[in-house]
Amino acid sequence: MSVAANPSSILPLELVDKCIGSRIHIIMKSDKEIVGTLLGFDDFVNMVLEDVTEFENTSEGRRVTKLDQILLNGNNIAMLVPGSEGPEV
């Protein structure tokens, strides 16, 4: 069955491609969450993000780190939330 036969179906990488240039909330396999503007990605969902905020839950509480630009390894991503500004404060 061809994917093109059903116009309402969308592949995961197509959805990520639609997010380029917009904000995306990334929940990692570890205790980190990352919010940034998606600049690009590859077939392994390694991502280049700018204007990044990293939220990390530690024993002392939530640590927030601001970063200009990062390359994120796709192996450590658990979930992507397009259009989200991140975890509730």
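Which residues are linked with Arg-23 in a network of salt bridges? The network joins Arg-23, Asp-51 and Glu-85, a salt bridge being a side-chain nitrogen of Lys or Arg within 4 Å of a carboxyl oxygen of Asp or Glu. This is a predicted model, in which local features need pLDDT of at least 70 and side-chain atom pairs count only at pLDDT 80 or more, while totals for chains, interfaces and linings use all residues. Residues are numbered from 1 along each chain as its sequence is written, and side-chain values use heavy atoms, with hydrogens and water left out.

**Confidence**

- The protein chain has a mean pLDDT of 91, and 91% of its residues reach 70 or more, where pLDDT is the predictor's confidence in each residue, from 0 to 100.
- Confidence in the protein chain is highest in β2, at 97, and lowest in α1, at a mean of 93; helices (H or I, at least four residues) and strands (E, at least two) are DSSP runs, numbered from the N terminus.

**Salt bridges**

- A search of the whole structure finds four salt bridges, among them one in which the side chains of Arg-23 and Asp-51 meet at 3.4 Å, N to O.
- That pair links distant parts of the chain, with Arg-23 in strand β1 and Asp-51 in strand β3, 28 residues apart.
- Arg-23 is buried, with a relative accessible area of 19%, whereas Asp-51 is exposed at 52%; buried means under 20% relative accessible area, exposed over 50% and partly exposed in between, using a 1.4 Å probe and protein chains only.
- The side chains of Arg-23 and Glu-85 also meet in a salt bridge, at 3.2 Å from N to O, and this pair again links distant parts of the chain, since Glu-85 lies in the segment after β5 (77-82), 62 residues from Arg-23.
- Glu-85 is exposed, with a relative accessible area of 52%.
- Another salt bridge brings together the side chains of Glu-56 and Arg-63 at 3.6 Å, N to O, and Arg-63 is partly exposed, with a relative accessible area of 44%.

**Nonpolar core**

- The largest nonpolar core has 14 residues, of which Ile-26, Ile-34, Leu-38, Met-47, Leu-49, Leu-72 and Ile-77 touch the most other members; such a core is a set of buried Ala, Val, Leu, Ile, Met, Phe, Trp, Tyr and Cys residues joined through side-chain atoms within 4.5 Å.
- At least two residues of this core come from each of β1 (23-28), β2 (32-41), β3 (47-58) and β4 (61-72).
- Leaving aside neighbours within four places in sequence, Leu-72 is in contact (heavy atoms within 4.5 Å) with Ile-26, Met-28, Ile-34, Val-45, Asn-46, Met-47, Leu-49 and Ile-77.

**Two further buried residues**

- Cys-19, placed in the loop between α1 (12-18) and β1, counts as buried because its relative accessibility is 6%.
- Not counting residues up to four places away in sequence, Cys-19 touches Ile-24, Leu-38 and Pro-82, while Cys-19 and Glu-88, 69 residues apart in sequence, are 21 Å apart in space, C-alpha to C-alpha.
- Glu-54, in strand β3, is buried, with a relative accessible area of 14%.
- Apart from neighbours within four places in sequence, Glu-54 is in contact with Lys-32, Glu-33, Ile-34, Arg-63, Val-64 and Thr-65.
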